[in-house]
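Work through the exercises below with the sequence and the coordinates open. Each task is followed by a solution in steps.

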Amino acid sequence: MKNNKILITVLLLSTLILPMGSCRKVLDLAPVSAFDEKYVFSNSQSATSAIYGVYRALAAVYANGVIGLWSIDTDEFIGDVSNPGSLDNFHRYSTTPQNSAMALTFTPLWQGIERANIIIKNVPAMELYKSGSATDKAQLKRVYGEALALRAYFYLDLIRYWGDVPFPLEPSIDQPNLSLPKVDRDIIYDRIIEDLRVAAELMPWRGDSGVNNDERLTKGSVKGIRALAAITAGGYSLRKASRQMERRKDYLKMYQIARDEAYELMQRRDKHRLNPDYRAVFKDANMVSKIEPNGEVLFEVADGERGNARFSNKNGPRAAIDNNSFNFGSGAIRGLPTYFYAFDPLDTRRDVTLCSYYINRDRTIAVQRMLNMTDGKYRIDWKEPYPTTSDAYQGVNWYLLRLSDVILIFAEAENELKNGPTPEAKSAFEEVRKRGFKGNETNIGLTPGTKEAFFQAIVDERRFELGGEGIRKPDLIRWNLLGTTLIKTRAELTKMRANEAPYNLLPRTMWYKTGEREPKYANSFYLATPSGVPPAGYLAIGWLQDISPTPQYANYNLNLGRDFKPNKSELFPIPQGALDGNPNLTQDYGY
């Protein structure tokens with residue numbers, strides 16, 4: 001929740017926002033709202049309030065942190081193996097249609113689509129949209145563009161997690177049949193990519209006259225979303241007919257759209273540029289409830305108020321307090337030791353993305369062993385004002401798309417289209433990497449010059465830049481690398497456990513002191529622990545010691561993505577409740 005907050009307003013058309021499984025019932029209900037469509041869409045102010053209802057659906061999608069938790073068990077993070085909870089089957093790729101947690105995301109996605117469809121139907125038909133004042137026209141065009149873009153993003157999430165889905169483009173009340181079958185995802189992609197093109201034309205740029213720098217979408221946001229949607233459409237996905245991971249035949253067309261859209265956005269550095277300090281993107285902006293001043297954050301969930309479990313997301317903060325006894329953060333997302341050691345020692349992003357300490361009740365820090373590192377970008381001790389209640393819902397926004405993501409999309413698409421990295425692709429890649437190595441930019445290494453090597457560099461760089469943001473798993477899926485990555489990461493964890501090269505010279509013990517806000521270490525993470533005792537004022541903690549077999553972590557290296565099955569686990573099953581409510585909806589992909 002930030003300054004210039006999107007007003008989280010209940011959509012006035014409350015009888016039209018029920019989930020898909022209940023749409024038919026709405027036709028039999030008397031209106032519970034005093035306002036109907038004619039009133040809501042009679043002036044620009046009330047029409048604008050309707051778009052806040054769509055944003056509220058977006059907040060509801062992320063309210064319980066489910067998507068953030070679905071994204072783990074890759075080569076970045078693993079679900080806590082010492083205390084598995086109800087979401088463990090998501091982490092391990094063993095979820096079933098009966099898992100009720102899926103509905104926490106599946107249902108509000110459809111609610112958001114329904115609300116957007118109402119706006120898309122009504123706003124262009126308004127007299128003010130056609131012949132109102134310049135202010136009215138600009139305001140209503142923006143609302144219409146936002147509705148198109150948000151609906152497109154809702155469908156993008158549905159496709160990424162469930163594959164082919166129904167595809168209603170009009171409000172439920174106008175549909176002759178509410179039991180809709182699935183539509184091929186390529187048809188959906190083509191339409192939402194076109195809708196995003198139209199939306200971008202309707203939207204203002206960030207900072208234009210009369211446009212506040214707040215959490216609403218702008219032209220730059222929509223261009224970034226379109227680049228993301230296009231490169232995802234051009235990637236691999238699990239197909240219904242073949243039950244194989246396949247690309248569409250015209251995938252290069254999708255890459256071209258992604259490349260061009262990203263390139264156009266990158267030319268507007270007067271509107272959107274990288275924050276020069278990677279840490280500040282999270283600590284100095286999000287965790288103190290301010291708008292990131294450079295326009296790097298293109299799209300974020302405008303979180304609801306603290307303590308509101310319906311509309312305040314639980315994705316962050318995640319660094320637990322006193323082993324979660326205060327319930328400020330779950331601490332359930334644990335950084336992989338192999339991820340920590342994949343970072344270059346000079347990469348500043350390592351110690352932002354991974355947090356090696358917890359917070360005690362008195363706000364002092366408790367240094368943790370390697371296996372207890374958590375996702376660090378939303379750590380609780382960065383939150384201002386500091387939490388004073390034991391509530392996991394802290395009003396922290398969740399970033400969905402940043403400019404660095406789009407810059408790397410450009411580099412990836414350019415490399416694919418030109419059969420190798422162009423100077424522009426290399427420059428884009430290096431822009432992101434140099435920011436990560438701030439103060440040591442000359443140490444970023446040599447940028448690869450072949451198509452295959454540059455693609456692998458992009459795969460790695462997105463891991464370092466976007467870690468813990470819910471992006472890695474969708475990336476690995478669209479590259480068709482998820483299964484092989486899990487196998488490779490398990491093998492690396494096994495090497496680390498056995499103290500084999502390249503992990504044989506790492507410290508088993510770290511010496512630290514906690515007098516400062518964050519721990520200070522006396523020995524190197526990259527060299528064997530010195531002989532003797534810690535220096536005066538320092539304590540010792542086992543660092544890699546608990547990688548060795550113990551009852552608690554007996555199968556740690558094998559638990560990562562334990563039940564993953566290629567050509568099945570890349571998608572989730574349709575929730576059972578949705579199947580029960582729609583006889584034309586089918587369960588596919590081996591579930």
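**Exercise 1. Surroundings of Glu292**

Task: list what Glu292 touches, leaving out residues up to four places away in sequence, and state what its charged group is paired with.

Solution. 
Step 1. The contacts of Glu292 beyond four places in sequence are Arg206, Asn275, Ala285 and Val297, where contact means heavy atoms within 4.5 Å.
Step 2. The model is predicted: local features need pLDDT of at least 70, side-chain atom pairs count only at pLDDT 80 or more, and totals for chains, interfaces and linings use all residues. Residues are numbered from 1 along each chain as its sequence is written, and side-chain values use heavy atoms, with hydrogens and water left out.
Step 3. Glu292 sits in the loop between α12 (278-285) and β4 (297-301); helices (H or I, at least four residues) and strands (E, at least two) are DSSP runs, numbered from the N terminus.
Step 4. Glu292 is buried but has no salt bridge, and Arg206, the nearest side chain of opposite charge, is 5.7 Å away. Buried means under 20% relative accessible area, exposed over 50%, partly exposed in between (1.4 Å probe, protein chains only). A salt bridge needs a side-chain nitrogen of Lys or Arg within 4 Å of a carboxyl oxygen of Asp or Glu. Lys and Arg count as positive and Asp and Glu as negative, while His and the chain ends are not counted.
Step 5. The side chains of Glu292 and Asn294 form a polar contact of 2.7 Å. A polar atom of the Glu292 side chain also lies 3.0 Å from the backbone nitrogen of Gly295.

**Exercise 2. An open sheet**

Task: which strand order does the open sheet of 3 strands have?

Solution. 
Step 1. The order is β12-β11-β13, with antiparallel pairing; two strands pair if DSSP finds at least two bridges between them.
Step 2. β12 (520-521) and β13 (539-542) each have a single partner strand, so one side of each lacks a neighbour in the sheet.
Step 3. Strand β11 (residues 509-513) is joined to β13 by 4 bridges, and Trp511 stands opposite Ala540 in β13.

Notes
A polar contact is a pair of N or O atoms within 3.5 Å; within protein, one must be able to donate a hydrogen and the other to accept it, and residues adjacent in sequence count only if both atoms are side-chain atoms.
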